[in-house]
Amino acid sequence: MSKTRYKNQKESNEAIAKAYIENDYTNSQNKLLLVSKANYEKISSNVCYSSVDDKGMNFYEFNKNAERNLMLIERYEWSDFSSVTINHSITKSAFTFVGHDKNRDITIEVKGKEVEQVIRNHSSMEVNVVKRPVWTKVLGYRSQTSWKMFMASTIYTLILLFILHALLPAATHNFIMELASLVLFLSIIGLLIGLIKPKWVLPKFKVKTRKRVLFSYLYLIFSCFFIAVAFTDGESTSTPASTQVSSSQNSVTVASKKDGADSSKQKVEKNDSDKAVKEEAKQKAEEQAAKEEAKRKAEEQAAKEEAKQKAEEQAAKEEAERKAQEQAAKEEAERQAEKQAAKEEAERKAQQQAASQQATTSSSTSSSGNYKPFENDPSDDQQSNMSCSGQIKGNKNSKIYHVPGGAYYDRTQDNIVWFCSEADAQAAGYRKS
C-alpha cells in the first residue's frame, strides 16, 4: 500500500494504519483483536500504533511521508512478562509490563480497558489495576501537574460561582461577600507565613513545600477575590474632593449620584413591597385566627347543646321513673285496701256464722229434755260430698256431725253429708254430737 492512496483518498492516519495492520495479519497465525494509538516508551517522535492479538502486541511507527507509511518497531509476546500494572484515566491507560529481563512502559489511548480484557483472557500474567481517586480523572487533574491543577481549580470555581450567584437569594450576598473578604485577608497572611514556614500553614498535606503553599494559597486568594467581587451589590457613593475636579469627574459624580438615587428608589420600592407582604401576611394570620376562634365557639356551642339535651333526657327519664313508682305505690295501696276489706268481710261472716251456731245450740239444748231414741228412716238415706266418705259424718236435717267411733256414727243413716275435718263441718254450721 503506497502513499498515493493516502493522498488521493484523504484517509485518516488511524484508518491507514488499521488497513496496513490488517494486511500484515492476513497470513499470520495470530488472531488480530484490536488496533489502537499508542505511545511506546517515547522512542520515536512519530505517532505509534499497537496491534493486539491473542499471543501478544506489535508496535508500529507511522510516517505519512515515507514510502511505506507504517513500519513494525517491535513485538512482545504475553509469555515474556509475568505481571502488568495498569493505570486507567479518561482518555488513556498506562501499562507497566514486568518481565524477566526488563520492564516495558506502554501507553494505550482510548482502548485501554479492552487491552486489559485481552490480557486477562489470553495470558497468565498477574494483572494489577491502580485505584485512582475520582478527582484525578477530572480534566486538569489527570497529569497531577501543579500549575494545571491550579488553573483547573480556578476555572471550576468561577463556573460554580456564577451558578451560586444565580441561585442564592440577594439577601445572602452581603454575608457571602463579607465572609469571602475575611478569608481573603487570612489567605494573604497564610501565604506570607507559609513562604517562611510551610509546615505552619499546611497541617493536612503530606508534602509541605513552598511550591505547595504558593499554589494552594494563591488559589484561595483568587477565589475569595472573585467571590467578593461577584457578590458585591454594586452600591457606590462619591465623595466630593476638596480640590478642583475636571469635567469628566463631574460626569462620573453625576452618574454615581444617579445610580445612588436609583438604588435608593429601588430600596424604597423594596421596603414598600416588603411592608405590603408583611401586612398581607398579618391579615392572613388574623383571618386564620378569626376562623379558628369561630370554629372553637361553634364547638363550644355544640357541646353546650349536647349537654342540655342529655340533661333534658335524664330529667325525663327520672320523671318517668317517679311516676312509675307512684303508680306502683297506688296500686299496692289499693290491693292492701281490698285485702283488708276481704278480711273484714270474712270476719263479719264468721261472726254471723258463730252467732247462728250459738242460736242453734241454744235451741237444741232447750229441746233436749224431750229427746227420743234415734230411729232411722230408710226413705231419707241420702249421701252428699262423697269425696270425704268414711270421715266426718253430718246429718243434713239436724245439723249435727259425728266422728268415727262416736255413739251415733254408725246409726246415722238419714241425709248424710260427709266432711273431711271437724273444722269443715263447723264452718258449714254443724255442731258436734
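**Core, sheet and disulfide in a predicted model**

Reader: Which residues does Trp78 touch, not counting residues up to four places away in sequence?

Author: This is a predicted model. With residues up to four places away in sequence left out, the contacts of Trp78 include the run Val52, Asp53, Asp54, Lys55, Gly56 and Met57.

Reader: Which members of the largest nonpolar core touch the most other members?

Author: This core has 20 residues. Strands E1 (32-40), E3 (56-62), E5 (81-88), E6 (92-99) and E7 (104-109) and helix H3 (112-122) each supply at least two of its residues. Another core, of 10 residues, lies apart from it and has Tyr25, Tyr49, Phe62 and Leu70 among its members. In the largest core, the residues that touch the most other members are Trp78, Val84, Phe95, Phe97 and Ile119.

Reader: Which strands stand at the edges of the open sheet?

Author: The sheet has 8 strands with mixed pairing, in the order E4-E3-E2-E1-E7-E6-E5-E8. An edge strand here has a single partner, so one side of it is left without a neighbour in the sheet. That applies to E4 (70-77) and E8 (126-129).

Reader: What angle does the direction of H3 make with that of E6?

Author: H3 packs on the sheet and touches E1, E2 (47-53), E5, E6, E7 and E8. Its direction and that of E6 make an angle of about 30 degrees.

Reader: Is Ser93 buried or exposed?

Author: Ser93 lies in strand E6, and its side chain makes a polar contact of 2.6 Å with that of His88. Its contacts also include Ile106, Thr107 and Ile108. The cut-off for buried is under 20% relative accessible area. Ser93 has 4% relative accessibility, so it counts as buried.

Reader: How many residues apart in sequence are the parts that the pair Cys388 and Cys420 ties together?

Author: The structure holds 1 disulfide, which joins Cys388 to Cys420 with an S to S distance of 1.6 Å. Cys388 lies in the loop between strands E9 (383-384) and E10 (392-395), and Cys420 in the loop between strand E12 (416-419) and helix H9 (422-427). The pair therefore ties together parts whose separation in sequence is 32 residues.

Reader: What is the handedness of the link of Cys388 and Cys420?

Author: Cys388 is buried at 4% relative accessibility, whereas Cys420 is partly exposed at 39%. The angle about the S-S bond is -55 degrees, and the link is left-handed.

Key
Residues numbered from 1 in each chain as written. Predicted model: local features only at pLDDT ≥ 70, side-chain atom pairs only at ≥ 80, totals over all residues. Heavy atoms only, no water. Core = buried A, V, L, I, M, F, W, Y, C linked by side-chain atoms within 4.5 Å. Buried < 20%, exposed > 50% of the residue type's maximum accessible area, 1.4 Å probe, protein only. Helix = DSSP H or I, 4+ residues; strand = E, 2+ residues; numbered from the N terminus. Contact = heavy atoms within 4.5 Å. Polar contact = N/O pair within 3.5 Å; in protein donor to acceptor, adjacent residues only side chain to side chain. Pairing = 2+ DSSP bridges. Axes fitted to C-alpha atoms, helices over the stretch in contact; angles between N-to-C directions. Disulfide = S-S within 2.5 Å.
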